[in-house]
Every structure is written in structure tokens, then in C-alpha cells.
2 protein chains.
Amino acid sequence: MASVEVTLGIDIGGTNTAFGFVDRVGTILADSSIPTRGDRPPQELVARLYEATTPVWHGLSDRCTLLGVGVGAPNANYYRGTVESPPNLSWPGVTNLAALIEGLYHLPVAVTNDANAAALGEMLYGAAKGMKDFIEITLGTGVGSGIVAGGDLIYGADGFAGEIGHTIVDPVGRQCGCGRRGCLETYTSAPGVCRTVLELLAERIDASELRAIPPGQLTAKLIAEAANRGDVIAKAAYEKTGDILGFKLADSVAHTSPEAIILFGGVANAGALIFEPTRRSLEHHLLNIFQNKVKVIPSSLKEAGAAVLGASALIWRELQKKK
Amino acid sequence: MASVEVTLGIDIGGTNTAFGFVDRVGTILADSSIPTRGDRPPQELVARLYEATTPVWHGLSDRCTLLGVGVGAPNANYYRGTVESPPNLSWPGVTNLAALIEGLYHLPVAVTNDANAAALGEMLYGAAKGMKDFIEITLGTGVGSGIVAGGDLIYGADGFAGEIGHTIVDPVGRQCGCGRRGCLETYTSAPGVCRTVLELLAERIDASELRAIPPGQLTAKLIAEAANRGDVIAKAAYEKTGDILGFKLADSVAHTSPEAIILFGGVANAGALIFEPTRRSLEHHLLNIFQNKVKVIPSSLKEAGAAVLGASALIWRELQKKK
């Protein structure tokens, strides 16, 4: 029986680090995860990862060949293989993550940030299959993006391209974790939806079940559930989120003219609540030559495995380029 | 003696259509221009062009070989070879310009819009030589842009990518020719600088030599001259133009992370008056990971020949791709 070629996809998150062995068509043959423990040095994480992947790999090694390792990590730099001052991890300034992993696995390694990995996963296995020009927007704790143009992910001069979450909605707007004001992320991330609810509760006098929830316990999911029960404040919050998202995505379309914009992550899970106002606002704000051309669609990657699939897609593409 | 390979670069403008025969290193061996006469059908322009280029070509044909024709035109579509409802030309909806030109010259033809052509000219012959990631911004009657990522011009799904001039500064801002409000073009084109002067003259009480000029006769050049003589309103107008340009270019950097942004055209000719505030504002608005990385530099293409060089660069690249 011929051996199945697989890659190892690793997603380093603030809390957990997930991994999986993935074949060429995007089937996760085996997967697991370990705690990231971001307070400890990266060398330790990589050593624990190697320890954790080894027994999982032994369950596959008689019928599979491992070709390479792809890694999605916050602030990862594709060109340098480094992770630079990642948020939520107390790692030193610059960590050469690719070199650490290569040192143990002795295989080709590629790293990029999580949103870029998601875009590649979408292109190889998901809603962007066959597309050459699209934008993946991840709407989670933050807002990330991966921009694909002419069939290639845009990395830019320094490997950090695709930070649409940090384009500016309002230069005197909400404080952002990046130190500036009014970034798209402050409005359309999951915490952004919560901030919009608080703003609406201050501004309006409508009754709302959200008035009973302490602000620190609000979540985008609770708000979506309230909206689906008809809560006017919750509905208005998603409406406003979509308005702002569509408005800024019109600028993104003017840059790269994508066939589709794919929304992924917690806020996108609200379905029509977020997709309808986003589509409406995007069309309203688009330059005439782009109108009625750009699809706004949900990701078709299952959230649980998406990051691992994306990391795997990254290294599959690198292996293909080398051929 | 070996024959010199050349291409024909054509730039179709609202008033004049310029053309030149250009060798591989960007030397214009011979050039000329004819009136565009945008009120007449495109077939007529192409016929007159053929008539005008023929004698110029005869002066070169004993020592040159013509390989192809590149065309820069407003609203030109690279994929389809068409020009669609061009501003300032009363052509019907969609004109298959590439087919018309091929029909007479019997050579490979490529078309794109003027800003994309300028970006290619810059990459082959100008300030972006050797760069793989940069953005060309043309600040003239309008604001155009060409975005190069990973060494390739971004055309997008439909061939219309790179409309940074129509990203939104202020959704309730100045009326734009595109039918919307607050486009970057309404602030940072040459007419945009004039509008800013009028705004400042209304707002402030400073003396200004510009108060003596009828608004309809104001030009970006007159304003630059006044600024260089120390006129406070004129200086403030360029300052504000750079502020707004830098602010929106920070969004562009977040998309494609360019090594440089290259400014071309009338407003860029104001030199330090526009470059200094643009650089300052860009740095101020950049996300931390992009700070102190992105050069803002002037085009090194001479304005007179730039459009013809750009059109020629377009077809040189196409010919190279085919090899």
C-alpha cells in the first residue's frame, strides 16, 4: 500500500496550541492539543510539542510519510520564520520559531500569522477553493486578515501584510490594544460588538435583556442569542457592526478587487445578523465599478480544525513551490 | 548590426494621445502625439494613431524590430482589453481597444489604466527598480494608484484593482466625481488642493495672495508657488493635503506592507511641501509593526515621457511572461 503524504499543522494560541496531521486534500488524520503556557520560554513549548506529537505520529507512521511542518502563530513573520513580541505570550522580542522547530523535526518548516494561515486553508480546502483573488477576515478576539491576489497570499516587503483589522474607522474613535484609536478591530471583533452594545445602552432608552448582564460578562454570542430573540439593542449592535465592516471593506475592495470576502470566527457565526448589514453597507459604499461583483460569504472551514488546516495548507504550498 | 527590439507605448489622455517607441532599457527612441478628440468614436482614434505612428516607425524600422503595443487608458481593463465608460471620452459603454489596435498592428497588445502603467514604468525604469512590493500613487487631475505585491501588479478579480484614490476619507465629506462623498481624490488631487485652499480661505482670516485669484483659476502649481513665497494659506493647504494623504496611506500599508510609496504627478511636484507632511502623517498613523519601514519617495520618471514608458513597460512584461 502506498504511503499517504501528510504535513503537521500547528496553531499556537494564547491558551492552547493545537496540532494535527493533515493529508493533501485536507483530512485531519489525527490531532490533539497542549496548553501553550505563554509565560514560559518558547523553547519549552517546542519541546513539549515534540513530546506530544511523537506518540500521535507513531499511530500514523506505518502508513504515512511526514513532509513538513506549518505553523500559525500571532505576529509570526513568514520571511524570517520568527515570532515578534506576540500578544498574550510573554516571549522575548524576537523568537526564531522556525529554527526551533526544524531543530527537532528535521523537516521543512514555514510560519505565518493565524489569519494568513486561515486564508490559505480557505483557498486549499474551504470556501475559496479555486479563487485567485479573495480576502479572508477573521472576526474573533481581534480582527485579522489574509489577502490573496493573483493566487498568492500577499506577505509584503516585511512579511506583515494583511492587517485590515488595524485600518482606521475613526481617528478619534475607540482605544485599540495597538495603542492607536478607531481601528476596525475595536468595532468588529467580538469585544467590539460588546462595546457597541454598551454604547447603544448609553445612548438609547429601549428595554433590553442585555441591561441585566454585567458588561464584563457580555459576549458576542450572548448578544447574537438576544438578537435572535428580538432584542432591539442586540439587533442594532450587529447592524452597526455590519455597517462599519462593510464601510471599511469597500476600501479593501478598492485596493485588491477581490472576487469574495470570506468572514470567519466568532462574530461571523452570528450568520445573517452580521452578513446582511455587512453586504448592504459594502454595496452602498463601493465605487461603481466594483458594485454587484463582490461576494461576502462565510468560511466553510469548521472552526475547531480551521487553524490546524490553515497551518497545514501553508506548508503544503511551500512544498509545492519548491518542486 | 543587430536589430534593436522595441515596443510601442501609447497613452490615451482626455486631450492628447501620446506615443513612443521604447527599447528594453527605457529609452524613448522616437515619440509624438495627436489630439484624442474624445467626442469621436474610438475606431477613429485608433485609425489616426496608426496613421501617425507609421511615419515615425519608418524612421526606425531599418534598425529596430517592433514586438508589441502597450496602452494606458482611463478605465482600461487588463483582462478584457477593454475601456469601460472612460471619463472625459464620450465613447460607448465598452470598447474593445486591444482588439481594435491588434486589427491594425497585428502584434501583441496589452492595455491597463494609466496609474497601473505608471507603476510598471516605475518598476522597470524608475524609482521602484528592483522593488517587489510598492505602491505608486498618481496625484494629478484625479488620484490613481498601482499596487505591486511580490513583484506583480495587482489586477484583482476583475482587472480594476488599485483604486486607492477612491478609498473614503470622510463618508460625509466632499462630493466626488464618482458620485460618492469624501474620496481621497477629492482632497489630494490637484483640484483637491484647490478645494482645500477655498476651505481655508473661508475658515481663516489670514492675508493670502490666493484671495486675489478667482477660484476657477486656482491651480495646485500656483498654490505651491505661493507657499514657497511664504503664503500661510498655501502652506497650510499642502500641510493638510499631506496630513490626509498620510492618514489614508497608513491603511494602504496595512493591506500590502510596501517597501515604498512613490508619489507621481502635479501635486508631487510641489516637493517638500507635500512630501514632508505626508511622511509625518503616515508615520503618525502607522500600526507599530510598520513604523520606520516605509519610504515615501518621488517618482524618478520624467513626467512628459512617464505615461508612454509605463505603457511600454506593460507590454514588455507581457512579452516576458509569454517566454
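**Cysteines and the contact between chains**

Tutor: B:C183 is buried, with 0% relative accessible area, where buried means under 20%, exposed over 50% and partly exposed in between (1.4 Å probe, protein chains only). This is a predicted model, in which local features need pLDDT of at least 70 and side-chain atom pairs pLDDT 80 or more, while totals for chains, interfaces and linings use all residues. Residues are numbered from 1 along each chain as its sequence is written, chains are lettered from A in the order in which they are written, and side-chain values use heavy atoms, without hydrogens and water.

Student: What area is buried between chain B and chain A?

Tutor: The size of an interface is often given as the accessible area lost when the parts come together. Here the area is about 3,000 Å², with 63% from carbon and sulfur atoms; the loss is summed over both parts (1.4 Å probe).

Student: How many salt bridges are counted between chain B and chain A?

Tutor: A salt bridge is a side-chain nitrogen of Lys or Arg within 4 Å of a carboxyl oxygen of Asp or Glu. The count is four between chain B and chain A. One salt bridge joins the side chains of B:K293 and A:D158 (2.8 Å, N to O).

Definitions and conventions:
Buried area = accessible area lost by both parts, 1.4 Å probe.
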